[in-house]
Number of protein chains: 2
Amino acid sequence: MARIVQKFGGTSVADIGRIKSVAEHVKSEVDAGNQVAVVVSAMAGVTNHLVDWAGEIANLYDAREYDVVVATGEQITSGLLAMALQDLGVTARSWLGWQVPVNTDSTHGRARIERFDTTELERRLDNGEVPVLAGFQGVGTDNRITTLGRGGSDISAVALAAALGAERCDIFTDVDGIYTSDPRIVAKARKLDKITYEEMLEMASLGARVLHSRSIELAMKHGVCLQVRSCFDSVPGTLVVDGDDIVEQELVSGITYSRDEAKITLTRVPDRPGVAASIFGPLAEGSINVDMIVQNVSEDGRATDLTFTVAQADLEPALKVLEGKQGELGYAALNTDPNVVKVSVIGVGMRSHAGVAQMMFKTLAEKGINIQVISTSEIAVSVLIAEEYTELALRALHSAYQLDAV
Amino acid sequence: MARIVQKFGGTSVADIGRIKSVAEHVKSEVDAGNQVAVVVSAMAGVTNHLVDWAGEIANLYDAREYDVVVATGEQITSGLLAMALQDLGVTARSWLGWQVPVNTDSTHGRARIERFDTTELERRLDNGEVPVLAGFQGVGTDNRITTLGRGGSDISAVALAAALGAERCDIFTDVDGIYTSDPRIVAKARKLDKITYEEMLEMASLGARVLHSRSIELAMKHGVCLQVRSCFDSVPGTLVVDGDDIVEQELVSGITYSRDEAKITLTRVPDRPGVAASIFGPLAEGSINVDMIVQNVSEDGRATDLTFTVAQADLEPALKVLEGKQGELGYAALNTDPNVVKVSVIGVGMRSHAGVAQMMFKTLAEKGINIQVISTSEIAVSVLIAEEYTELALRALHSAYQLDAV
């Protein structure tokens with residue numbers, strides 16, 4: 001007998017028919033003799049609808065009232081799934097954040113869980129009951145409803161699994177696992193059986209949208225074994241685990257990409273100490289995140305070119321900030337290019353193996369793809385290239401690192 | 001400065017635009033220097049949608065989970081209205097049943113309020129804040145969400161007004177007050193300035209659908225002055241008050257009708273003691289409410305005809321019960337007529353004035369309308385007539401009792 005947390009996302013519970021199939025999924029795990037706790041998202045579309053209403057009613061709204069409104073989405077699903085389970089003869093009941101309670105801080109709209117009291121849930125699990133927790137929500141220090149922000153239901157599920165000491169936390173979504181690359185582009189992409197938390201984190205931050213970074217960090221911190229799997233079939237998904245649990249470490253486990261990049265180049269910036277701070281300081285004050293940065297070597301020792309990237313949505317705000325400071329910064333011209341893509345090679349194996357980055361540069365050079373910016377982390381190498389080469393680069397790299405399905 | 005409760009029904013908050021006008025209504029009362037507490041229903045259509053989902057997910061569902069699902073409707077409105085009020089510069093916040101708390105028994109789906117703790121609400125009212133209470137909901141003894149059943153938001157509003165000792169409880173709805181008769185039929189119907197609780201109760205049970213009996217009973221018990229008024233304009237509505245507060249008591253204040261009646265006649269029932277009990281007992285066991293009853297005088301002392309009415313929806317079930325017992329009951333034939341209407345004359349004045357019923361019989365006789373069954377209460381006289389005479393009877397009675405607008 002194992003204790004398992006199952007989390008069902010918005011597409012898994014999109015309508016009454018799907019909620020009924022989710023109930024069947026849960027029942028089969030119960031019938032196998034396991035203790036099962038369930039976490040649900042809002043039915044697909046419901047949250048957007050509620051968010052739209054909030055936006056229509058006021059331009060600037062109270063985050064506390066926003067939470068009251070949007071938390072209803074998960075509340076509805078939890079009640080409906082409890083009914084569907086009971087209809088199949090499974091003892092079940094819904095739990096709202098304030099009932100458990102899931103205590104959070106009072107940062108409404110993106111609260112952090114501070115305490116997850118599972119005393120009563122454990123008592124009921126031991127009696128064979130299935131708790132159906134409304135994800136994404138908690139209760140703040142002022143006894144008001146809070147929501148956890150993006151990826152909130154995943155966070156609820158991981159926190160519940162950690163508090164229960166669950167053997168596994170299954171994240172049911174609309175894909176059946178984590179792939180070596182985007183299967184829509186790379187036909188030979190393979191589903192991974194296992195991946196490390198670190199790699200999954202890099203993937204999440206570098207463009208793969210299956211799990212939000214916060215839930216992965218939480219799982220890593222508490223050693224919760226995650227499984228990403230599909231609610232539409234019963235094949236095993238991808239396990240996200242500690243590196244030590246993977247005996248044969250792959251050198252590289254995935255190639256990701258992000259089109260949400262825009263390149264900004266400042267030409268002939270005076271080459272003196274403190275110039276980078278004088279450029280990036282004002283951007284940070286404007287809440288603009290700068291991602292990749294490259295500074296060319298100055299040829300004459302007087303002026304240099306500085307290139308960096310921001311998210312697409314931040315391009316216009318960044319230009320406003322920089323244009324207003326041309327006199328102060330003293331650059332000659334400001335060039336922008338939104339048609340770029342960041343391609344990343346990810347793998348914990350590169351910690352102990354040299355040559356991973358070199359393989360990437362060589363492969364792209366062979367295809368005639370110019371690398372505009374390079375950045376690296378401990379387990380990833382990223383390059384910025386022209387967007388039109390996205391597919392070519394992904395497929396070439398996927399083959400070069402021997403990730404292709406045979 | 002007065003303390004006022006304002007309750008807004010589903011059509012008043014049907015969409016974002018209407019919620020914004022409701023906020024204006026509330027603001028104008030606040031600007032007039034009053035302390036205002038608000039109670040809201042779900043946006044029109046939302047509750048039906050949620051009820052449909054519950055019905056689709058399971059045939060027999062857990063009333064506790066049903067309450068979790070349907071209570072979200074009022075929760076959404078309370079959050080949105082609080083935002084709209086803040087947008088107008090009014091300090092406001094939403095309150096859910098469990099936050100106040102509104103303690104109820106645990107009869108899910110039709111819970112009764114046991115305790116309404118307004119300590120915190122009063123403190124905030126004194127500080128100029130507008131509490132926006134989600135109507136229809138409370139919290140049961142097991143810390144689970146309960147709902148109050150039909151007319152639940154009105155009950156929440158009256159209970160809040162009673163607990164706050166409010167000067168008035170305004171019920172905003174899609175009609176602008178209580179009329180002497182249905183204005184769609186009687187063109188000369190007048191809006192009443194005042195009506196007594198007793199009359200309003202009779203009207204509610206005799207077909208007028210503006211307020212549910214439970215909320216009127218509660219208002220009467222606690223002496224809460226109700227005002228039924230329209231959310232679409234600012235003219236005064238109808239006050240529902242104690243009889244002592246009305247100096248000039250009208251003899252008759254309204255003529256109502258109900259088409260939800262079906263007539264059943266059992267012919268030649270043996271005329272012996274206990275026969276009525278043997279007929280109505282099995283109907284009561286089948287949860288069938290019998291309304292009007294008339295038993296003709298037996299001509300030969302051996303058998304009599306028995307006529308009574310049930311709600312339209314109960315006609316088929318009632319026939320099943322009675323047909324199964326023909327041998328035992330010993331009646332000759334069972335005749336039914338669904339094409340009947342109950343017309344009632346209501347007025348507390350008839351307690352002290354004779355001749356009210358006689359006026360009714362005479363007026364109907366003059367128009368050639370045959371009375372099939374008569375029943376009376378302390379402040380109402382009701383007759384059953386053929387449905388085709390509804391309009392004729394209502395208009396004739398309205399004139400006869402001098403209710404016509406001049």
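Predicted model: local features only at pLDDT ≥ 70, side-chain atom pairs only at ≥ 80, totals over all residues.
Visitor: How are helix 4 of chain A and helix 4 of chain B oriented to each other, parallel or antiparallel?
Guide: Two packed helices are described by the angle between their axes and the distance between the axes. Helix 4 of chain A and helix 4 of chain B, each covering residues 72-87, pack with their axes 10 Å apart and at an angle of about 175°. Angles over 145 degrees count as roughly antiparallel. The two helices are therefore roughly antiparallel.

Visitor: Which residues of helix 4 of chain B meet helix 4 of chain A?
Guide: On the chain A side, the contact is made by A:Thr72, A:Gln75 and A:Ile76. The partners in helix 4 of chain B are B:Thr72, B:Gln75 and B:Ile76.

Visitor: Which helix of chain B supplies the largest share of the side that touches chain A?
Guide: In total, 29 residues of chain B are in contact with 29 residues of chain A. Helix 1 (16-31), helix 2 (46-57), helix 3 (63-70) and helix 4 of chain B each contribute at least two residues to the side of chain B that touches chain A. The largest share is eleven residues, and the element that supplies it is helix 4 of chain B.

Visitor: How many residues on the side of chain B that touches chain A are nonpolar?
Guide: The side of chain B that touches chain A also holds polar and charged residues. Eight are polar and five are charged. The nonpolar residues number 16.

Visitor: Is helix 3 of chain B mostly covered or uncovered, and how many of its residues are buried?
Guide: The buried residues of helix 3 of chain B are B:Arg64, B:Glu65, B:Tyr66, B:Asp67, B:Val68, B:Val69 and B:Val70. Their cover includes helix 4 and strand 3 (92-95) of chain A, together with helix 2, helix 4 and strand 8 (145-147) of chain B. Helix 3 of chain B is mostly covered, and the count of buried residues is seven of eight.

Visitor: Which residues touch the most other members of the largest nonpolar core?
Guide: In soluble globular proteins, nonpolar side chains tend to be buried together. The largest nonpolar core here has 251 residues, and at least three come from each of domain 1 (3-174) and domain 2 (264-333) of chain A. Beyond its neighbours within four places in sequence, A:Leu81 is in contact with residues including A:Val13, A:Ile19 and A:Val132. The residues touching the most other members are A:Leu81, A:Leu160, B:Leu81 and B:Leu160.

Visitor: How far apart do the C-alpha centres of domain 1 and domain 2 of chain A lie?
Guide: Chain A is divided into domain 1, residues 3-174, and domain 2, residues 264-333. Their C-alpha centres are separated by 44 Å.

Visitor: Is B:Ser287 buried or exposed?
Guide: B:Ser287 lies in the loop between helix 9 (275-285) and strand 15 (290-295) of chain B. B:Ser287 has a positive phi of about 60°, although it is not a glycine. Because 8 other C-beta atoms lie within 10 Å, B:Ser287 is exposed.

Key
Residues numbered from 1 in each chain as written. Chains lettered and ligands numbered in written order. Axes fitted to C-alpha atoms, helices over the stretch in contact; angles between N-to-C directions. Helix = DSSP H or I, 4+ residues; strand = E, 2+ residues; numbered from the N terminus. Parallel < 35°, antiparallel > 145°, perpendicular 65-115°, else oblique. Contact = placed C-beta atoms within 7 Å. Nonpolar A, V, L, I, M, F, W, Y, C, P; charged D, E, K, R; others polar. Domains from an automatic or database assignment. Core = buried A, V, L, I, M, F, W, Y, C linked by C-beta atoms within 7 Å. Buried ≥ 20, exposed ≤ 12 C-beta atoms within 10 Å, placed from the backbone.
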